[in-house]
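Welcome, and thanks for taking a look at this one with me. Here are a few points to guide your first tour.

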Amino acid sequence: MSAVITLLRPQQWLKNGFVLIGLIFSNGWADPRLVFAVCVGFVAFCLASSAAYVLNDYHDRGADAAHPVKRHRPIPAGRVGLREARALMLLLAWGALAIPLGTGQWAVALAVAVYLLLNVAYSLSLKHHVLVDVFCISAGFMLRLACGTYAVGIAPSRWMLLCSFMLTLFLGFAKRRAEIAVRSEGARSVLQDYSAQLLDALVAITACASLLAYGLYTVDPEVAALHGTDHLIATLPIVTFGVFRYLYLLYREGAGQEPGRDLLADGQIRLAVLAWAAAAILLLGA
């Protein structure tokens, strides 16, 4: 059972927090119906993302067996058999679709279905193409965001979409930068098409664009009218600190290969996330 849990990578479910953004920025946390709809989306994406991880590990088991770290994963290490992995993958995908369909959340089911198809294409082909691999990762996050916002009946702000897009590209390119720094036998083949100089530039561009887009989101008149406050700009220093702290971890501490783990492990980033959530809820509820 411990090997199965490791295969599901529950620590990566933090990424599915993008589904919850719509609930926070719609002032809908006091409406049980909206909370239920978003929770359905969150659970469905947790199952779908775990199915994608199982598929990826199943498909890459040969290359992972030659990697100094990935060879300890349950499938290449032989702790989870191939038949069990296939059954688990199908069960997770079925559950990810059955839960929203069973509760009448058709938009959520559609987002999950597209996410699953995207990850099949990613695991089988797209992850081997430079730049396309990171854009696919970003697309997965955008589907989470769309799922969470449309589940509560709001259209996401164009600045929120741009900020989320740039932020997920930033995390994706930072992951590649961390991987290229410790590249070894069995590493993903697409790394040979990247260089440290290119990734440094891409990380810097997307980090700046993320902060700029978030700042523009907080001062957007439409956003102020929707939420009844023009003080969201007060959260910008918190977000800026979080991005800068992640850059520090990337370049000075060798972090970045596992964004979910790094975000959970670093106390200062955890504090920044909690401070941002608290400030946002207070400002939106004021």
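1. A word on terms to begin with: helices here are DSSP runs of H or I with at least four residues, numbered from the N terminus. Please keep in mind that this is a predicted model. Is Ser50 buried or exposed? Its relative accessibility is 1%, so Ser50 counts as buried. Beyond its neighbours within four places in sequence, Ser50 contacts Leu8, Trp13 and Leu92.

2. Next, have a look at helix α6 (residues 106–124) and helix α7 (residues 132–151), whose axes come within 9 Å and cross at roughly 170°. That angle makes the two helices roughly antiparallel. Among the residues that meet here are Val114 and Leu118 from α6, and Ile137 and Leu143 from α7.

3. Now for the charges: the whole structure has 9 salt bridges. One of them joins Glu222 and Arg158, at 3.5 Å from N to O. Glu222 belongs to helix α10 and Arg158 to helix α8, 64 residues apart. Glu222 is exposed at 55% relative accessibility, while Arg158 is partly exposed at 48%.

4. Within helix α8, Lys175 and Glu179 are 4 residues apart, about one turn of the helix. Their side chains form a salt bridge (3.6 Å, N to O), and both residues are buried.

5. Lastly, Leu216 in helix α9 is partly exposed, with a relative accessible area of 33%. Together with Leu212, Val219 and Ile233, Leu216 forms a nonpolar surface patch of about 340 Å² accessible area.

How values were computed:
Residues numbered from 1 in each chain as written. Predicted model: local features only at pLDDT ≥ 70, side-chain atom pairs only at ≥ 80, totals over all residues. Heavy atoms only, no water. Patch = residues over 30% accessible without salt bridge, like charges linked within 9 Å, V, L, I, M, F, W, Y side chains within 5 Å. Areas by Shrake-Rupley, 256 points an atom, 1.4 Å probe, with all protein chains shown as cover. Salt bridge = Lys/Arg side-chain N within 4 Å of Asp/Glu carboxyl O. Buried < 20%, exposed > 50% of the residue type's maximum accessible area, 1.4 Å probe, protein only. Contact = heavy atoms within 4.5 Å. Axes fitted to C-alpha atoms, helices over the stretch in contact; angles between N-to-C directions. Parallel < 35°, antiparallel > 145°, perpendicular 65-115°, else oblique.
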